[in-house]
Amino acid sequence: MSGRGPGPRPPKDGGYGKGGWPIVAGQKVAGSKVSGPAGSDRADGGGGLDFGPAPVPPGGTILEARGLVKTFQAGRESLTILSGLDLKLVKGRSLAVLGSSGSGKSTLLYLLGGLDRPTAGSVLSRGRDVFARPEPELARWRAREVGFVFQFHHLLSDFSAQENVAMPAMLSGSPRREALDRAAPLLERVGLKDRLGHRPGAMSGGEQQRVALARALVMDPEVLLADEPTGNLDARNAGLVNELICQLVAERGLSAVVVTHNVKLARLMDDAAELGDGRLGAWRGTEAG
Ligand SMILES: Nc1ncnc2c1ncn2[C@@H]1O[C@H](COP(=O)(O)OP(=O)(O)O)[C@@H](O)[C@H]1O
Ligand SMILES: [Mg+2]
């Protein structure tokens with residue numbers, strides 16, 4: 001299984017909380033309506049964020065990678081993992097990315113979500129270069145516009161399911177009560193109404209991953225990035241989580257990039273592409289890796 005390995009590491013602090021959640025430690029979002037209810041502030045294309053251009057119309061490109069290059073330095077060797085990769089994510093569509101282990105899927109996802117910087121090339125969010133922004137703005141974009149789900153849920157073990165889901169909102173400045181109130185219906189939506197007070201350790205793998213999915217959505221992002229979200233689950237739970245992802249993408253009008261080895265999930269997505277030799281090509285319709 002891929003996913004863990006020596007894969008790309010997010011910046012030490014700039015983007016990841018203690019448990020691996022891509023948030024911005026201590027980030028206060030001055031002047032933005034982060035504490036507003038989900039979906040209430042989309043009309044301005046980003047909730048008053050200083051970089052939010054006009055909303056993307058249906059059929060428009062919400063996230064784009066242009067000529068992405070990522071080279072890792074391993075001792076004296078330099079390893080080029082992505083070599084001029086192009087990708088366009090159309091608003092409201094879902095894209096499955098397949099590819100053998102080590103082909104660079106996680107690397108790509110981290111770049112798309114602004115968790116790591118490319119060696120060359122750019123990532124455009126609604127037409128604007130993500131990495132051209134100053135770090136605090138990039139961090140706000142990441143926290144507000146992108147929801148992440150990883151193979152390993154990265155829930156905080158000392159907090160309840162509801163607190164875990166509420167965490168990104170609280171860290172973005174929402175009052176605790178308000179953040180918890182946003183978390184509850186999301187947990188209900190993923191079938192965990194009776195587990196609000198459970199800590200991760202008292203939940204099954206499938207339940208934990210559903211909490212992680214709810215957490216990815218608490219900021220009402222436009223883009224969902226999922227890295228082998230069912231790679232660690234048994235077939236039945238993987239099926240449940242896959243189904244949920246597809247339903248949530250549809251009902252929330254999300255644009256999604258889902259890295260998966262799961263052929264069933266890939267077929268449920270609108271589009272599928274295969275990563276190989278550092279670029280995306282057509283998926284051949286078989287399991288990769
Ligand atoms: N920080 C890093 N330093 C050196 N090599 C890395 C680093 N991150 C990833 N790699 C290498 O990049 C390749 C792609 O990794 P990854 O994106 O995790 O692949 P995948 O998710 O497709 O399995 C692997 O060969 C991995 O060893
Ligand atoms: Mg991976």
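User: In what order do the six strands of the open sheet lie?
Analyst: This is a predicted model, in which local features need pLDDT of at least 70, side-chain atom pairs count only at pLDDT 80 or more, and totals for chains, interfaces and linings use all residues. Residues are numbered from 1 along each chain as its sequence is written, and chains are lettered from A and ligands numbered from 1 in the order in which they are written. Strands (E, at least two residues) and helices (H or I, at least four residues) are DSSP runs, numbered from the N terminus, and two strands pair if DSSP finds at least two bridges between them. The pairing in this open sheet is mixed, and the order of the six strands is 6-7-8-3-9-10.

User: Which residue of strand 9 is the bridge partner of V97?
Analyst: Strand 3 (residues 94-98) pairs with strand 9 (residues 271-276) in the parallel sense over four bridges. In strand 9, V97 has as its bridge partner A273.

User: Are helix 3 and helix 5 roughly parallel or roughly antiparallel?
Analyst: Helix 3 (residues 161-171) and helix 5 (residues 205-217) pack with their axes 7 Å apart, at an angle of about 30 degrees. Axes are lines fitted to C-alpha atoms, for helices over the stretch in contact, and angles run from 0 to 180 degrees between N-to-C directions. Angles under 35 degrees count as roughly parallel, over 145 as roughly antiparallel, 65 to 115 as roughly perpendicular and the rest as oblique. Helix 3 and helix 5 are therefore roughly parallel.
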